[in-house]
Amino acid sequence: MFDFANPYLLYLLWLVPVFYGLFWWSRLSRRRRLAKFGHAGVLAHLMPDASRYKPAIKIVLRLIALAAVVMVLARPRAGEKQHDKSVAGIEVMIAFDVSNSMLASATDDPNGTSRLDRARLTLEKLVDRLDNNKVGLIIFAGDAKTQLPMTTDFYSAKMYLKELSPALIQNQGTSVAEAIRMAMNGFGPDENVHKAIVLITDSEDHEGDAIDAARLAAENGIQVDVVGLGSAKGAPIPVPGSKGEYFRDNQGQIVTTTLNEKLASEVAEAGGGIYVNGASGDALDKLADRLETLQKSEFKHVSYTAGAEQFPVFAWIALIFLIIDVFVLDRKNSWLKKYNFFSKS
């Protein structure tokens with residue numbers, strides 16, 4: 001398999017025909033200027049050392065070197081291999097709350113770490129502990145959507161975590177029930193693989209039916225665990241992109257968002273899982289231990305070894321052609337002057 005680490009840089013190859021066109025334009029312009037002084041055949045005798053063909057040879061050498069340099073920058077790779085192995089694990093679908101309320105502080109301090117940042121950190125540590133399991137990611141606010149289908153690629157999962165923000169979903173609000181239903185649809189078709197939903201939210205459910213959705217998941221053999229973020233005292237919600245500005249209601253009062261631990265616990269109980277407070281020091285241990293209680297099933301784990309870098313080959317090509325260009329002069333070679341290969345003697 002052959003691919004590139006920076007494929008977008010291949011667009012720079014358009015410079016090759018551009019520079020080639022500029023070269024021929026300059027040559028035509030040169031001929032027009034010389035034509036003002038006389039016939040080309042006559043002028044050729046006045047410039048005995050000027051070569052008609054060396055400039056074309058030199059531009060070809062330089063363009064090949066340029067193309068090789070672009071290939072170096074794009075970093076071609078070859079030899080990527082796929083490795084399949086059977087491992088024992090479970091499927092975990094993470095439902096991540098990206099509603100505006102997640103921008104509020106995770107503590108009683110309005111200027112403290114946001115719930116969103118705390119959730120990212122908790123989730124990143126959890127993914128590190130889900131070795132040999134499959135993981136998927138959905139995000140939700142007023143609506144829910146799949147961000148990462150079920151996969152064993154934990155590197156990609158971590159990359160997606162860094163990009164999570166309320167801007168990813170236009171319809172704001174918090175619909176925990178919609179998140180659970182979407183998560184249920186994200187699992188694989190194998191009924192023998194045990195499944196769990198990890199719901200990370202401040203539990204400010206604006207739509208209702210969350211408990212019924214969790215109960216439905218449990219009836220289908222899916223465990224629902226909940227990680228709560230925020231505080232019972234509450235915190236204002238900062239306006240994205242502003243400094244010191246907070247969301248206000250229709251009366252102009254600052255909106256305060258609180259962690260609804262009662263609802264979070266009820267959802268976890270209905271889903272046959274546990275509720276943990278994200279601020280607790282042992283929250284991650286409790287959650288990981290709970291997931292470990294699920295019986296593991298065998299499934300195929302696919303991994304890839306990176307292809308070997310091929311750019312040194314193109315670096316050598318660029319260097320060789322540039323060295324040749326240095327030794328190819330614009331004037332005729334003295335030992336070839338007595339030969340005329342392109343006209344009758």
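A cavity here is a set of points, on a 1 Å grid over the protein atoms alone, where a 1.4 Å probe fits but cannot get out; lining residues have an atom within 4 Å of a point. Grid points are joined across faces, edges and corners, and a volume is the space filled by probe spheres set on the points. The model is predicted: local features need pLDDT of at least 70 and side-chain atom pairs count only at pLDDT 80 or more, while totals for chains, interfaces and linings use all residues. Residues are numbered from 1 along each chain as its sequence is written, and side-chain values use heavy atoms, with hydrogens and water left out.

Two cavities of 30 Å³ or more are present in the structure. Strand 5 supplies the largest share, three residues. By class, eight lining residues are nonpolar, one is polar and none is charged. Ala, Val, Leu, Ile, Met, Phe, Trp, Tyr, Cys and Pro count as nonpolar, Asp, Glu, Lys and Arg as charged, and the others, Gly among them, as polar.

The second largest cavity has a volume of about 30 Å³. It is lined by Val176, Leu199, Thr201, Ser203, Val226, Leu263, Ala264 and Val267. Strand 7 (195-201) and helix 8 (261-270) are the elements that give two or more residues to this lining, and helix 8 gives the most, with three. Six of the lining residues are nonpolar, two are polar and none is charged.

How values were computed. On a 1 Å grid over the protein atoms alone, a cavity is a set of points where a 1.4 Å probe fits but cannot get out, and a pocket is an open set with protein on both sides within 12 Å along at least five of seven lines; lining residues have an atom within 4 Å of a point. Helices (H or I, at least four residues) and strands (E, at least two) are DSSP runs, numbered from the N terminus.
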